[in-house]
Amino acid sequence: MVTPHLQNYIDGRWTDSASGESFEDLDPATGQIVATATKSTKADVDRAVDAARRAFESWRLYPAPKRGEILYKAGELMLQRKDQLAREMTSEMGKVLAESRGDVQEGIDMTYYTAGEGRRQFGDVVPAELPNKWAMSMRAPLGVVAAITPWNFPFAIPTWKLMPALVLGNAVVFKPASYTPMLAVRLVELLEEAGLPKGVLNLVLGPGGALGDALVTHPGVDLVSFTGSSDVGAHISEIAGKQLKRVSAELGGKNAIVVMEDADLDLAIEGIVWSAFGTSGQRCTAASRVITNRAVANEVIDRLVSRANKLKMGHGLDASTDLGPVVSSEAQQKVHSYIPIAEKEGATVAAGGRIPTDGALGKGFFHEPTVLVDVKPNMRVAQEEIFGPVTAVIEVKDIDEAIRVVNSTKYGLSCSIFTKNVNNAFRFMRDAETGLVYVNAGTIGAEIQLPFGGTKSTGNGHREAGRAALDVYAEWKSIYVDFSGKLQRAQMDDQSAPG
Ligand code: NDP
């Protein structure tokens, strides 16, 4: 079989970078090449931004309901190709097929939801304080948006950015993660087929470091919408900040599940296993801490260890697989490096902890589902984002201590509590310092109609999805129309009725 080759999409044309170089897209379950992709340079970024700037001038004037119709059409195409998209996703980044289908479905949900904004984008019309004067607000597009995305949700996360940006009338330059160029190409193909005019959406494939800086600092880019690690997010914010450029940053997490003494333990264990080991722990909302009341700690640990030991690792396309690989050999080594770090600080490996080396698993980038116990809240494994199938169990005495420990990291994305006590549930909902809070559910499972994002070092105050996303990709413009025929001075002139 011929290995597919993936190209950039600039000004409505699929094209290779002038660099003539390419990079490999690997199946992390086998280490085999799935595709090659053109390796772009700053010159490609310049061309993409120029094309986007030109296209913006007509796209911003394209009626918003018609922009929405293109999104609807794209959503329909996604639905038709859901299974194929999911299979390609599993092959290029490893998560099990059911999760890849969920990723595509989230993209479909986001696309349909945002398409509706073509006919909404509400502003306010408010009374003016002076007679014969009209006061209203409307949203206006920003210009060119640079969308930089991670590999763990290679379809859904780009839709969180592209769809609101496009429906509001912005043009986009999209730089996906180098581990997942194929799904990025598929998304752009769908939007092209749905009728997006040339230049409105441009795709550049290639390494974040070199390309990313060129894109972020390009004077033709008005907003950088970034999802990824906190380190890269801080770097982007710094270089963009020097140009007073807008940055929307969605970054890392260190999410916790609290299990109270009155919890339904069957349900809690289901929630922990799904949240800690789903997508091999590579979700920004993954539960990498389990904070359990001491009264039930032994039972929680025993049941969690038993479940972790039974999870079957394998290729994500195999229906019997529970846990796919992590995304790369580097990720595998990084995840594994936390085992000696944990042990040195006094934690104990209660389940997993190893890299499988035999047979088919030895060829891919697998890591055993791992449960760490004897963990204290200030240990590195309880503070740092590991981004793999590793969860750390911390014991606490009551709800006060549980909330303190939940809030004791620099991150603030997601958390959850399992309890039947309504008072504790409401205290937790109020006092957890995170952007997402779940009660009697795991830390994952956000729906696109509510805002998504985190507090503290998880971001810089913006939210994706829901109505909140519109605020990221548009300016507010306030408009006053005076039809009195005379100069009226707000806050100063007599506000009597029209005479
Ligand atoms: P990275 O930060 O490594 O990469 C994210 C994107 O940034 C990639 O496209 C990458 O390109 C690019 N990039 C890398 N360096 C630069 C640079 N100097 N300038 C501009 N762009 C750059 O994150 P991962 O892809 O590894 O994703 C995992 C992280 O994402 C985790 O920390 C996770 O928590 C976070 N995340 C957060 C979410 C949220 O909503 N809060 C949701 C999902 C993930 P390349 O791939 O070529 O290196």
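User: Is Arg 289 buried or exposed, and what is its relative accessible area?

Analyst: Buried means under 20% relative accessible area, exposed over 50%, and partly exposed in between, with a 1.4 Å probe and protein chains only. Arg 289, which lies in strand E14 (residues 287-293), is buried with a relative accessible area of 1%. Please keep in mind that this is a predicted model, in which local features need pLDDT of at least 70 and side-chain atom pairs count only at pLDDT 80 or more, while totals for chains, interfaces and linings use all residues. Residues are numbered from 1 along each chain as its sequence is written, and side-chain values use heavy atoms, with hydrogens and water left out.

User: Which residues is Arg 289 in contact with, leaving aside its neighbours within four places in sequence?

Analyst: Contact means heavy atoms within 4.5 Å. With those neighbours within four places left aside, the contacts of Arg 289 include Lys 254, Asn 255, Ala 382, Thr 391, Val 405 and Thr 409. Thr 391 is 102 residues from Arg 289 along the chain, yet their C-alpha atoms are separated by 5.4 Å.

User: How should I read a strand such as E8, and why is it largely enclosed by the rest of the structure?

Analyst: In a regular strand the side chains alternate between the two faces of the sheet. Helices (H or I, at least four residues) and strands (E, at least two) are DSSP runs, numbered from the N terminus. Strand E8 (residues 144-148) is largely enclosed because five of its five residues are buried. Val 144, Ala 146 and Ile 148 lie on one side and Val 145 and Ala 147 on the other, so that both faces are covered.

User: Which strands does E8 pair with?

Analyst: Two strands pair if DSSP finds at least two bridges between them. E8 runs parallel to strand E9 (residues 171-175), to which five bridges join it, and Ile 148 has Lys 175 as its bridge partner there. From E8 the chain crosses through helix H5 (residues 156-167) to E9 in a right-handed β-α-β crossover, a label given if, with the strands pointing away from the viewer, the path from the first strand over the helix to the second runs clockwise. E8 also pairs in the parallel sense with strand E11 (residues 223-227), over four bridges, and there Leu 223 is the bridge partner of Val 145.

User: Which residues of helix H7 are buried, and what covers them?

Analyst: An α-helix has 3.6 residues a turn, so residues three or four places apart point the same way. In H7 (residues 208-217) the buried residues are Leu 211, Gly 212, Ala 214, Leu 215 and Val 216. Their cover includes helix H1 (42-59), E8, E9, E11 and helix H8 (230-241).

User: How many residues has the largest nonpolar core, and where do they come from?

Analyst: A nonpolar core is a set of buried Ala, Val, Leu, Ile, Met, Phe, Trp, Tyr and Cys residues joined through side-chain atoms within 4.5 Å. The largest one here has 58 residues, and Phe 155 and Leu 162 are among those with the most contacts inside it. Helix H6 (residues 181-193) gives the largest share, eight residues, and the core draws at least three residues from each of domain 1 and domain 2.

User: What are the bounds of the two domains, and what separates their centres?

Analyst: Domain bounds come from an automatic or database domain assignment, which gives domain 1 (5-251 + 459-479) and domain 2 (255-439). Their centres, taken over C-alpha atoms, are separated by 31 Å.
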